[in-house]
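Grab a pencil and work through these exercises with the 3D view open. Try each task yourself before you read the solution.

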Amino acid sequence: VSHSDHPAENEIEINIFGPGFGECIIIHVGFNDWIVIDSCIDSSSGRPAALVYLEGLGVDPATAVKLILCTHWHDDHVGGMSDLLRACESARFACSSALTRAEFLEVVQAFNKRPLIATTTGFTEISKVFSMLRARGQVPQYAIADRSLFRSPDDHCELKALSPSDAEFHRFIESIGKLIPQTAMAKLRFPSPSENDISVASWLSVGSLCVLLGADLEEHGVAGRGWTAVLASPTKPPDRATTYKISHHGSITGDHPGIWSELLEKAPLAVLTPWNLGSKLPRDEDCQRIVRLTRSAYATSRPESRRVKTRQRAVTRTLREAGITIREIEPRTGFVQLRASLDHPDAGWTISLSPEALPLDQYRSA
Amino acid sequence: MTQPLRLSDLKATQQLQERDPEPLASLFDGAKESAVLAALAKRWSERKVEASSQRTKVSPAENRTEGRTRNTEGPSTNKIPTFSDKVAGVFTGPRIQVDPLRRVRPAFVPLQEWEGYVVAISNSRILANLIDLTGGAERPGEQAEIPIEEFSEDDVRKLSVGRVFRWAIGYQRMPSGTKMRVSQFVVRDLPQWTQRELMEAKKETAELAKFFERS
């Protein structure tokens, strides 16, 4: 994570970090107030990217961060979340209330009782976060569709949740309850979640600038769920956003034509974070689809790590002889930074790319 | 049943190797300076050798030369000086008789260790995410394509998406003293959830849920 100069008081700054596994959005909403959405680990320091960035600017996270929004519990959105929360002493913590229901909590507590497995999951961080909230006596702010999560004292800024819908909430509770382990079941790593239900997409308005933050909200083609529910909501934002954090790493399952036609200005500024674990995102066809909709599209990091890991010669020799290939899945943390003046919003956004970030039309999947 | 390979086991092996008298013995072979001998003797005396089992190790090279284990209690048939002979007069600790011809204890010395979990399986290979345990990583940082034939037949039957395994590359020291480079995969047979664990989870859940319900 490299640092630029501190944004001016009347400047909105949006930093979208994505190291290849994880996502974090750090927003200066003006007048030294910051919002952090999700958390990921900075590949250089091993610390939460938000803390490294803010500390690099000389910002004290204990007082400057007003809100931490956890869009959902998956590994790639909660890396280092507990360290972030610890440092942001005065921040409110927002998440879906589904995460505080007994069905989910029981799964979290049970799957954390597996000391023989080094492989962590999002449960580990969520469990630490909840313990910290309890120790502080701090009840989360619950995010559900159409609820305002943050409003600045002078009303120049608001962050509003667009999801999850009631239907997503109930479906999540029903499905997670089935994963509560029973006695004599063999312990396993928690199966990789295939759906991103209860993901909190949000709408940020700062002055006359609007930003759609898609989180990992997916589309299922079912009434009342996903983007269909957002688009059908009677309280859908009346304005159009000029900037879009692309949903679910640019996948087709995170897309809906209505996002582009009803929520966004034509050819908006769009940014995605890649997913390099398991099935990789975005695919080439995803990039082509997005670039057709807007030429101003960017990815926060490259599909492949440029680093070559040095190993002992005996290890390298063994890998070669056995025909085993290993690649790093976490390129150096990259980010896209957007800045705009609150006094002159028509002047548009200034875009800065870290060395790992690149225009989406140059992105070629690994 | 195959015991799961634990990091603690491997670390213990490594520590054992560090304490192994082999390097002492090889140093000893060429030692001429009394200071070195005194240092060796001091380290040696710290090892709490039981008086009743006055046996110790020698370098694999010596072991390979002789090819057998010799009891120091019995009559000596050659003139190879023992450790005790060489340090005699240098220090005044308990006299330790040394057998330079003991068999080398089999041991695995890991060079690199990962924990992995299966992401995808094809007919001939698996795709797995790896956590570098040697490097102290706590989350997946690498992804490997591994031929299925690298796993034992028993383990191949266990492979499924999400299944956790340990993988270590290192040197296996054989009783003969020779060493062999090995790549060892072990699919973890993880324990079952116990009634106690699940009751604890329920109790913790109830406490947290009660707190959150305050809102």
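## Exercise 1: A covered helix

Keep in mind that you are looking at a predicted model. In helix 5 of chain A, the buried residues are F104(A), L105(A), E106(A), V107(A), V108(A), Q109(A), A110(A) and F111(A).

**Task.** Find out how much of helix 5 of chain A is buried, and what covers its buried residues.

**Solution.** 
- Step 1: Start with the helix as a whole.
- Step 2: Look at the surroundings. The cover includes helix 6 (122–136) and helix 7 (166–177) of chain A, along with helix 7 (195–213) of chain B.

## Exercise 2: Zoom in on E106(A)

**Task.** Is E106(A) buried or exposed, and which residue forms a salt bridge with it?

**Solution.** 
- Step 1: E106(A) sits in helix 5 of chain A.
- Step 2: Check its accessibility. The relative accessible area of E106(A) is 13%, and the cut-off for buried is under 20%, so E106(A) counts as buried.
- Step 3: List its contacts, skipping neighbours within four places in sequence. E106(A) touches I180(A), A201(B), K202(B) and T205(B).
- Step 4: Pick out the charged partner. Side chains of opposite charge can pair when their charged atoms come close. K202(B) makes a salt bridge with E106(A), with the closest N and O atoms 2.7 Å apart.

## Exercise 3: Where the chains meet

**Task.** Describe the interface between chain B and chain A: how many residues are in contact, how much area is buried, and which element of chain B gives the most?

**Solution.** 
- Step 1: Count residues. On the chain B side, 54 residues are in contact with 54 residues of chain A.
- Step 2: Get the area. The size of an interface is often given as the accessible area lost when the parts come together. Here the two chains bury about 5000 Å² between them, and 59% of that is on carbon and sulfur atoms.
- Step 3: Count the links. There are four salt bridges between chain B and chain A, and twelve residue pairs are in polar contact across the interface.
- Step 4: See which elements take part. On the side of chain B that touches chain A, two or more residues each come from strand 1 (107–121), strand 2 (125–132), strand 3 (142–147), strand 4 (164–173), strand 5 (179–187) and helix 7 of chain B. Helix 7 of chain B gives the most, with 13 residues.
- Step 5: Sort by class. That side of chain B has 25 nonpolar, eleven polar and 18 charged residues.

## Exercise 4: Strands across the chains

**Task.** Which strand of chain A is joined to strand 3 of chain B, and what does E142(B) form a salt bridge with?

**Solution.** 
- Step 1: Find the strand pair. Strand 14 (residues 325–328) of chain A is joined to strand 3 of chain B by four bridges, and the two run antiparallel.
- Step 2: Opposite E142(B), in strand 3 of chain B, stands E328(A).
- Step 3: Follow the side chain. E142(B) forms a salt bridge with R311(A), and the closest N and O atoms are 2.6 Å apart.
- Step 4: Ask what the pair connects. R311(A) is in the loop between strand 13 and helix 11 (313–322) of chain A while E142(B) is in strand 3 of chain B, so this pair joins two chains.
- Step 5: E142(B) has 2% relative accessibility, so it counts as buried.

## Exercise 5: The sheet in chain A

**Task.** Which strands stand at the edges of the eight-stranded open sheet in chain A?

**Solution.** 
- Step 1: Write down the order. The sheet runs 7-8-9-10-11-12-13-17, with mixed pairing.
- Step 2: Read off the edges. Strand 7 (148–151) and strand 17 (358–359) of chain A each have a single partner strand, so one side of each lacks a neighbour in the sheet.
- Step 3: Strand 12 (residues 264–272) and strand 13 (residues 297–299) of chain A run parallel and are joined by three bridges. L272(A) has A299(A), in strand 13, as its bridge partner.

Note on methods
Residues are numbered from 1 along each chain as its sequence is written. Chains are lettered from A and ligands numbered from 1 in the order in which they are written. This is a predicted model: local features need pLDDT of at least 70, side-chain atom pairs count only at pLDDT 80 or more; totals for chains, interfaces and linings use all residues. Side-chain values use heavy atoms; hydrogens and water are left out. Buried means under 20% relative accessible area, exposed over 50%, partly exposed in between (1.4 Å probe, protein chains only). Contact means heavy atoms within 4.5 Å. Buried area is the accessible area (1.4 Å probe) that two parts lose on being put together, summed over both. A salt bridge is a side-chain nitrogen of Lys or Arg within 4 Å of a carboxyl oxygen of Asp or Glu. A polar contact is a pair of N or O atoms within 3.5 Å; within protein, one must be able to donate a hydrogen and the other to accept it, and residues adjacent in sequence count only if both atoms are side-chain atoms. Ala, Val, Leu, Ile, Met, Phe, Trp, Tyr, Cys and Pro count as nonpolar, Asp, Glu, Lys and Arg as charged, and the others, Gly among them, as polar. Two strands pair if DSSP finds at least two bridges between them.
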